[in-house]
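Please examine the structure below together with its sequence.

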Amino acid sequence: MSETTIAGIAGRMPKFIRRADPAVLTAFACIVLLLFVGSLYSRSFLSPEYLLQQLKVASFLGVIATGMMLVILLGQIDLSVPWSVATGAMMACAAAAYGPLGVALAIPFGIFCGVAIGIVNGIGVAYLRIPSMIITLATNAVAQGLMVVYTGGFSPQDSATRAMRYLATGFAIPGVPNAVVIWALIGAAMVFVLTRTGFGRTVYGIGNRERAAYLSGIDTRRVVLIAFAVSGGLSAFGGVLLAGYASKAAQSMGDAYLLPSIAAVVLGGTSILGGRGSYLGTVAGVILITLLQSILSVMQMPEAGRQIIYGVVIVAMLLLYGRAPASR
C-alpha cells in the first residue's frame, strides 16, 4: 500500500481518532477484546447489570489511580498506596466509634490521614531529595506498623458508618451507583486541573524536565508536595469507599491496589517517566484492568498468576515508553 493511499485513509478518519493517543486507542480496543473474550466464558458478561457492577468495582480503583497518575506525571512513584488505603479505611471506621461527632468526622478524618502520609512523602521527595521509591516504601512500612499497633495485630472491629456505606453502595441517581458518580466527579476535577490550570501545566513541565521548570521560576517543590498529598488523600478516600462497600476495614485491603493502580495508569498511555499522559487513558486503563480481573476470576486464575500478569504489563509499558524522552 502506497504512502499516498495510507495518507488518504488517515485523512478520511474522524478528527478525534486522528488526534487520539495511540495508547488510548489501544486500551479501548483491548477493552472491546476483553468484553468479547468474557462473553465466551459467561453469557451474562455483557448484561447491563453485570457491566454496571464492573463499573462500580472499577470506581474504587479509579479513585486511587487518579492520585497515582498525578504522581507518575511528575516522573515519580507512590508505593505507599497499600497502607494509605488501609489507614484511611481503618481510621475512618475508628473515628465512628467516638459518638455522633466521630461519625460526622469519620470520612474527613480518614482522608486527612491519607493526606498526612502524602505530605510526608512529598517532603521527603521535594525537600529532602529522597527517591520517591524509597520514601514511599518507608512511609508504607511505618503506616503498616502504626495500624498493627493500633489493632494489636487483630482484625479491626470498628464498622463503617452509614454515610460510608451510602457513598459506596447507594444510588443518589436512580440506576447509577454513587461510587461511579464520585469517580466521575473526581475525574472531571482532575481533567480540569490538568488541562485548564497553571498547576496542571506545571505538573507536565516538571515531568518533562524538572530542572528547566525550576529555572523558569516554578516552585517545583511545592507542586511535588501537593501532588503527593493529593495522591495520599485519594488513596485514603478509596479506602473509605472500600470500607463502606465491605461495611468494615481490613488490614490487607489496600494490598490488591498497588500494582493495578500503576498498571492502569501506564496502560492508558501515561509515561512512567513523566510528562505525558491523559486522564482519558487512565479511565481506559482502569476499566481494562477491572475487566481483566473479572475474566481471571471467571477463569479461576490464582492471585499469584494475577500479580505476574500485572508485573508483565508494567514491564512491557516501561520498555514501550523507555525511549520516549530521547524523542523530546
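Leaving aside residues up to four places away in sequence, Met 147 touches Trp 83, Thr 87, Met 90 and Met 91, where contact means heavy atoms within 4.5 Å. This is a predicted model, in which local features need pLDDT of at least 70 and side-chain atom pairs count only at pLDDT 80 or more, while totals for chains, interfaces and linings use all residues. Residues are numbered from 1 along each chain as its sequence is written, and side-chain values use heavy atoms, with hydrogens and water left out. Met 147 is part of helix H7, which covers residues 132–151; helices (H or I, at least four residues) are DSSP runs, numbered from the N terminus. Although Met 147 and Trp 83 are 64 residues apart along the chain, their C-alpha atoms are separated by 8.7 Å. Is Met 147 buried or exposed? Its relative accessibility is 7%, so Met 147 counts as buried. The term buried means under 20% relative accessible area, exposed means over 50%, and partly exposed lies in between, with a 1.4 Å probe and protein chains only.

Ala 227 is placed in helix H12, and because its relative accessibility is 0%, Ala 227 counts as buried. Which residues does Ala 227 touch, not counting residues up to four places away in sequence? They are Leu 70, Val 71 and Leu 74. The C-alpha atoms of Ala 227 and Val 203 are separated by 8.5 Å, and these two residues are 24 residues apart along the chain.

Helix H12 also takes part in a contact between helices. The axes of helix H8 (residues 162–169) and helix H12 (residues 220–246) come within 7 Å and cross at roughly 95°. Axes are lines fitted to C-alpha atoms, for helices over the stretch in contact, and angles run from 0 to 180 degrees between N-to-C directions. On the H8 side the contact involves Met 164, Arg 165, Leu 167, Ala 168 and Thr 169, which meet Val 240, Leu 241, Ala 243, Gly 244 and Tyr 245 in H12. The residues of this contact of H8 with H12 divide into seven nonpolar, two polar and one charged. In this division Ala, Val, Leu, Ile, Met, Phe, Trp, Tyr, Cys and Pro count as nonpolar, Asp, Glu, Lys and Arg as charged, and the others, Gly among them, as polar.

Val 193, Leu 194 and Arg 196 of H9 make the contact with Phe 199, Gly 200, Arg 201 and Tyr 204 of H10. The residues of the contact of H9 with H10 divide into four nonpolar, one polar and two charged.

Helix H14 (residues 279–298) may be considered on its own. H14 has 20 residues and reaches 29 Å from its first C-alpha to its last, close to the 28 Å expected at 1.5 Å a residue; the expected span is 1.5 Å times one less than the number of residues. H14 is mostly covered, with 14 of its 20 residues buried. Gln 300 follows H14 and has a positive phi, near 60°.

Positive phi values also occur in two loops. Where does Arg 129 lie? Arg 129 belongs to the loop between helix H6 (99–127) and H7, and its phi is positive, about 60°, although Arg 129 is not a glycine. With 53% relative accessibility, Arg 129 counts as exposed. Ser 247 is found in the loop between H12 and helix H13 (258–267). Ser 247 is not a glycine either, yet has a positive phi of about 75°; at 31% relative accessibility, Ser 247 counts as partly exposed.

Finally, the aromatic rings deserve attention. The structure holds two aromatic pairs. In the pair of Phe 45 and Tyr 50, the ring centres are 5.2 Å apart and the planes stand at 45°, so the pair is tilted. Rings of Phe, Tyr and Trp (its six-membered ring) pair if their centres lie within 6.5 Å; planes under 30 degrees apart count as stacked, over 60 as edge-to-face and the rest as tilted. Phe 45 counts as buried at 2% relative accessibility, whereas Tyr 50 is partly exposed, with a relative accessible area of 23%.
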